[in-house]
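Reader: Hi! Could you walk me through this one?
Author: Happy to, here it comes.

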Amino acid sequence: MRWSQYYLYTTREVPKDAEVISHQLMTRAGMIKKLAAGIYTYTPFGFRSISKMMAIVRRELDRAGAMELSMPAVQPAELWQESGRWQEYGKELLRMRDRHDRDFCFGPTHEEVITDMVRHDVRSYKQLPINLYQIQVKFRDEIRPRFGLMRGREFLMKDAYSFHADGASLDATYQDMRDAYCRIFEACGLDYTVVEADSGTIGGSSSHEFMVLAQTGESAIVRCDESGYAANTEKAEAGELPAPPPGPASEETPDQPQQVATPGLTTVEEVAEFLGVEPSQMLKTMIYTSEQEELVAVAIRGDREINEVKLANHLDVKHLALASEGEVTGATGAPVGFAGPVGLTKVSRLIADHSVRSMSRFVCGANAADAHLTGVEWGRDAEPTEWADLLLVGEGDPCPSSGKPMTLSRGIEVGHIFKLGDKYSKSMGCQFLNDKGQGNPMIMGCYGLGIGRTVAAAIEQGNDADGIIWPRPLAPFEVLLIALNPQDDEVRQAAEALYGELQERGVEVLYDDRKERPGVKFKDADLIGVPVRLVVGKRGLTEGKIEFSLRANPRERHSVDVADAAAKVGELLE
């Protein structure tokens, strides 16, 4: 492809709304063009990478036994009402009405559609298992679309769905799909990890995320090298934390808590410093409300944070929020910052994290303005309604398997697989007859992979101050051939001959034949990041040489005889 005839327009300016490097570089390299918030056009240059990603996905999904189909993007409301997600999904679901005043939505995912299709066609256990996939545009009306293709509203996704007669069959396909995903990301040349994950709005009993490791990743991951345990922090568990030392006891009344004035001190750090204790010796009590409008108190160690995803799952609610100042005052009799478990009767439940179980003579809010309690004991002064794992796991926490300290890193979610069970098949009547003629709901699996998101993640992982450093499998072109001063007959003829030879060898080559200054061409070459660069210039040709370099090592430049240049490219690409 000749650059002079190609739709590729780079820019030096960084978009004002581009917060992450992939968004900046994809825009500057002319890969994507913004149409509206979170909605982008893939240019021919950008779509070449997208197409390569889709080809890798199709190859590995076909190898895993999945069959490709294409489902409608616009879906009737009736299916979503059957599954119960029409209202549950919230404002991310783009709803619309046709001319007959019938409700539809633009699909953010396709569990309902695929379940509807299969329930009309599959009748017997002999027809199972089935694994179907598609690559299609999705739309989720994100409240704050950001990061370019990382969190857009419209996006390309591969979604697959499997149907089974029993859990053992699902387990086998789930493992096949997990293996296929590993092959996909390995084929893309990406550094990734697989972690346990929360199932979110999709639902199901078990799920795993595939994370491309990058410091700019929006997801936090904890890992243990010894046991192999890995999970995102929404799902991660920790082993037993070391118990903090007992707090100070009152000399006058050692068998009961003492109320201490803490005027204007509402944070753990402020109170701990004032009382001369460690934050780990304090108990933090937070008041939450959910869609059921019940107030729930949650107790956790003062030096730790509550994992609100775990809390929502424990309460079996979809939406959770901290109670308002008025609600906190009504429940505790005190302003925000002074809540505690002692005498807290105006909440429906008091849930304590396991991290506070071993605490003794701890400090907590007194449920009174400007006051805290010291010397508090579980069982004697307060008792939780229940215990639960609500801890947000962090760096250095013990692994639940090995007990060794875990490390915290950042990652970009590019794939997510779920064991759905009968969540959709049961509500939508998707049944099969077993070998005894009895009807049972099919057991389902779901497997999502972000196409554009993976390409963006590859850029987050591969870049430098000058531009993109592509892994070869996802690079729009394999070779960039630059003709310096193509107006010169000798340069032009040598470049044209090499361009033709590379094409005959089947090399994907972008030929920069533009009448631009060398500095402009080199800047663009660094920006777009094509893996192999060949430079044809007057000075080199006087010695019968052509310069070549790799984008991954731009400072290392080598010369090769003109006659051997195409063969050298073949060696480099191998």
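Predicted model: local features only at pLDDT ≥ 70, side-chain atom pairs only at ≥ 80, totals over all residues.

Reader: Nice. How many bridges join strand 13 to strand 19?
Author: Four, and the two strands run antiparallel. Strands here are DSSP runs of E, at least two residues, and helices are runs of H or I, at least four, numbered from the N terminus. Residues are numbered from 1 along each chain as its sequence is written, and side-chain values use heavy atoms, with hydrogens and water left out.

Reader: And what is the strand order in that sheet?
Author: The order is 13-19-18 in an open, antiparallel sheet of three strands; pairing takes at least two DSSP bridges. Strand 13 (258–261) and strand 18 (362–365) are at the edges with a single partner strand each, so one side of each has no neighbour in the sheet.

Reader: Switching topic: how many salt bridges are there?
Author: The structure has 42, counting a side-chain nitrogen of Lys or Arg within 4 Å of a carboxyl oxygen of Asp or Glu. One of them joins Arg63 and Glu60 at 3.4 Å, N to O. Both sit in helix 2 (residues 44–63), three residues apart.
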